[in-house]
Amino acid sequence: MTVYAIAMCQKDAGGKTIFPSTDSIYLKIIYLGTAGWEITDDKTTILVDPYLSRLRRNYSENADSLTPHDNRRVFGDSDIVELDTAAIDKHIKAADYILVHHAHRDHVMDVPYIALKTGAIVIGHESTANIMRGYGVPEDKIITVKGGEDYDFGNFSVKVIPSLHSPLDEKRYFDSRVISKDTKAPLRVGDFVEGGSLAFLIRFRGYQILTFGSMNYIERELEGLHPDIAIVGAAPSRKEIYDYAGRLMRVLNYPKIVLPTHWDDFTLPFDASQEQRLKQLQIFAQEIKKASPQTKVIIPKYFEPISFASKELVPSRKR
Ligand SMILES: [Zn+2]
């Protein structure tokens, strides 16, 4: 198992170099597919956009011939969503908090089930909160945010950052709808609307982890942030954005690690080939390397923890 030690060495009072411990406390970051991540120190677990149901749709960017064994039902917009609870139960054992970037199906659809199963607190904007209510998630397990909040949870904190959705349909995508407070479960595929987009800066175990759920950002909102790890949208719609990688790497002061997100075809099952998408991902990695040669781009594998050494010896930046 590779353990990334991105903590800087410190000098003690006598000028002796202290190396950060690589064997005590780990921070683990695990890719759940789509824009979903688990961030854990094995005590506190934070999920981001967990979506494991991967509904089969009547479109797919990969040829059907690549998935001859995918006999799952195809879902249209008017169909009531069905969760893959077997996949969720297999991979999500516990969660304390669930952060949701926006309320599209591939970000929020599995969240009510996971919240009810784990007792986790869900943090998201109004549409996300109303979906939770519709599925019976109790009020004390919902924190509604709009962007700009900076909340302390004791052993970690979350800065909520206003953001933008991917520029879909060649920049024509726009949706100002909000999911209403009287929404009732079950929802149909087409019921999930964006409801605005967020990014999150998670400060946990001395690390600062910036997460995006889409292929866009508001540069001004990121000024002054210096994340160690940036989870960056890597799907092709980023190409609609002017200097996507360059502006992002500069404003974030060249993070040491970039983890690409939302790059896979999430209409395919976990065991299907993502060969085409992995090829495209190499281009994203090159764009990041060009903009920030010192940055390490780690291509995540589903459910395989990426481990980071303890940063306990390194005082976290206070701001
Ligand atoms: Zn979306």
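## Where α6 meets α7

Ala 245, Gly 246 and Met 249 in α6 meet Glu 287, Ile 288 and Ala 291 in α7. Sorted by type, the residues of this contact come out as 4 nonpolar, 1 polar and 1 charged. A quick caveat before going on: this is a predicted model.

As for geometry, two packed helices are described by the angle between their axes and the distance between the axes. Here α6 covers residues 244–251 and α7 covers residues 275–291, and their axes come within 9 Å while crossing at roughly 45°. That angle makes α6 oblique to α7. The crossing of α6 and α7 is right-handed.

Which residues have the most contacts inside the largest nonpolar core? They are Ile 98, Leu 99, Ile 114, Val 122 and Ile 231, in a core of 71 residues. Take Val 122 from that list: once neighbours within four places in sequence are set aside, Val 122 is in contact with Ile 98, Val 100, Val 111, Ala 115, Thr 128, Met 132, Val 137, Lys 141 and Ile 142.

Most residues other than glycine have a negative phi, and most peptide bonds are trans. With that in mind, a few spots deserve a look. Asp 49 isn't a glycine, yet has a positive phi of about 45°. Asp 49 sits in the loop between β6 (45–48) and β7 (56–57). Arg 54 is also placed in the loop between β6 and β7, and Arg 54 has a positive phi of about 45° too, again without being a glycine.

Pro 186 lies in the loop between α5 (168–171) and β14 (197–204).

Leu 201 belongs to strand β14. Leu 201 has 19 C-beta neighbours inside 10 Å and so counts as partly exposed. In sequence, Leu 201 and Ile 161 are 40 residues apart, but in space their C-alpha atoms are 7.5 Å apart. Ile 161 also turns up among the contacts of Leu 201, which, leaving aside neighbours within four places in sequence, are Lys 159, Ile 161, Gln 208, Leu 210, Leu 225 and Pro 227.

Tyr 217 is in the loop between β15 (207–211) and β16 (229–233). Tyr 217 counts as buried because there are 24 C-beta neighbours inside 10 Å. Along the chain, Tyr 217 and Pro 162 are 55 residues apart, with 8.2 Å separating their C-alpha atoms. Which residues does Tyr 217 touch, not counting those up to four places away in sequence? Tyr 217 touches Ser 163, Leu 164, Ala 199, Phe 212, Leu 222 and Leu 248.

Note on methods: Residues numbered from 1 in each chain as written. Predicted model: local features only at pLDDT ≥ 70, side-chain atom pairs only at ≥ 80, totals over all residues. Helix = DSSP H or I, 4+ residues; strand = E, 2+ residues; numbered from the N terminus. Core = buried A, V, L, I, M, F, W, Y, C linked by C-beta atoms within 7 Å. Buried ≥ 20, exposed ≤ 12 C-beta atoms within 10 Å, placed from the backbone. Contact = placed C-beta atoms within 7 Å. Axes fitted to C-alpha atoms, helices over the stretch in contact; angles between N-to-C directions. Parallel < 35°, antiparallel > 145°, perpendicular 65-115°, else oblique. Left-handed = near helix turned anticlockwise from the far one by under 90°. Nonpolar A, V, L, I, M, F, W, Y, C, P; charged D, E, K, R; others polar.
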